[in-house]
Amino acid sequence: MKKIFTYLKNIKIAFLEFLYETKIGIVKIESKFIMNQFEDREIACVDCGASFPFSAEDQEFFSTKGYSEPKRCPSCRAARKANSSRGGGGGRSGGGRGGYGNSRPQYRVVCSGCGCETTVPFEPKGDRPVYCSDCYRNG
């Protein structure tokens with residue numbers, strides 16, 4: 001019986017080597033069916049120090065997506081996300097889109113579409129029409 005298992009194992013290894021040489025989805029086959037390289041484990045949160053589970057399924061998902069392992073427990077992650085969303089930056093320095101925050105100058109202009117007064121985050125040169133956000137969206 002042991003010889004049969006050894007023979008089957010050698011067939012699997014040969015098949016994996018073939019897939020690797022032909023560059024066909026070897027990572028998924030290796031990790032999911034043959035090697036089972038992930039095991040459930042506990043991780044200590046860097047914020048509160050509590051340990052939280054990091055399941056084999058989560059590890060495999062993180063690995064296939066190229067993510068690093070989590071450093072914070074789910075409750076600390078949620079609290080950090082809630083705090084950073086108030087700042088408007090999603091963890092980026094400077095806040096807001098593009099990292100400008102409130103320091104980027106705004107210029108007053110008259111919309112070329114509807115004639116209302118609006119502000120834009122760039123200095124108009126006068127050679128192109130400038131639109132308010134509504135006219136730009138509908139235009």
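Residues are classed by relative accessible area as buried (under 20%), exposed (over 50%) or partly exposed (in between), with a 1.4 Å probe and protein chains only. The structure is a predicted model, in which local features need pLDDT of at least 70 and side-chain atom pairs count only at pLDDT 80 or more, while totals for chains, interfaces and linings use all residues. Residues are numbered from 1 along each chain as its sequence is written, and side-chain values use heavy atoms, with hydrogens and water left out.

The protein contains five helices and four strands, taken as DSSP runs (helices: H or I, at least four residues; strands: E, at least two) and numbered from the N terminus. Along the sequence these elements follow the pattern α-α-β-β-α-α-β-β-α. Of the 139 residues, 18% count as buried. The exposed surface comes to about 11500 Å², and carbon and sulfur atoms supply 53% of it; accessible areas come from the Shrake-Rupley method with a 1.4 Å probe, and for residues only the protein chains shown count as cover. Contacts are defined by heavy atoms within 4.5 Å. Among contacts with a separation of 6 or more, residues 24 or more positions apart account for 16%.

Salt bridges were assigned where a side-chain nitrogen of Lys or Arg lies within 4 Å of a carboxyl oxygen of Asp or Glu. The count by this rule is four. One of them joins Arg41 to Glu69, with the closest N and O atoms 2.3 Å apart. Arg41 lies in strand E1 and Glu69 in the loop between helix H3 (56–65) and helix H4 (74–87), so this pair ties together parts that are 28 residues apart in sequence. Both partners are partly exposed, Arg41 at 36% relative accessibility and Glu69 at 38%.

A salt bridge is also formed by Arg72 and Asp47, whose closest N and O atoms are 2.9 Å apart. This pair links distant parts of the chain, 25 residues apart: Arg72 is in the loop between H3 and H4, and Asp47 is in the loop between E1 and strand E2 (51–54). Asp47 counts as partly exposed, because its relative accessibility is 46%.

In helix H5 (residues 133–138), Asp134 and Arg137 are three residues apart and therefore separated by about one helical turn. These two residues form a salt bridge with a closest N to O distance of 2.8 Å. Asp134 has a relative accessible area of 47% and is partly exposed, whereas Arg137, at 60%, is exposed.

A patch of negative charge on the surface comprises Glu39, Asp40, Glu42, Glu57 and Asp58. Patches are made of residues with over 30% relative accessible area and no salt bridge; like charges are joined within 9 Å, and nonpolar side chains (Val, Leu, Ile, Met, Phe, Trp, Tyr) within 5 Å. Lys and Arg count as positive and Asp and Glu as negative, with His and the chain ends not counted. The place of a charge is NZ of Lys, CZ of Arg, CG of Asp or CD of Glu.

Asp40 is found in the loop between H2 and E1 and is exposed, with a relative accessible area of 59%. Leaving aside neighbours within four places in sequence, Asp40 contacts Phe54, Ser55, Ala56 and Gln59. The C-alpha atoms of Asp40 and Ala56 are 4.8 Å apart, for a sequence separation of 16 residues.

With residues up to four places away in sequence not counted, Arg41 touches Phe52, Pro53, Phe54, Gln59 and Glu69. Arg41 and Gln59, 18 residues apart in sequence, have a C-alpha to C-alpha distance of 9.5 Å.
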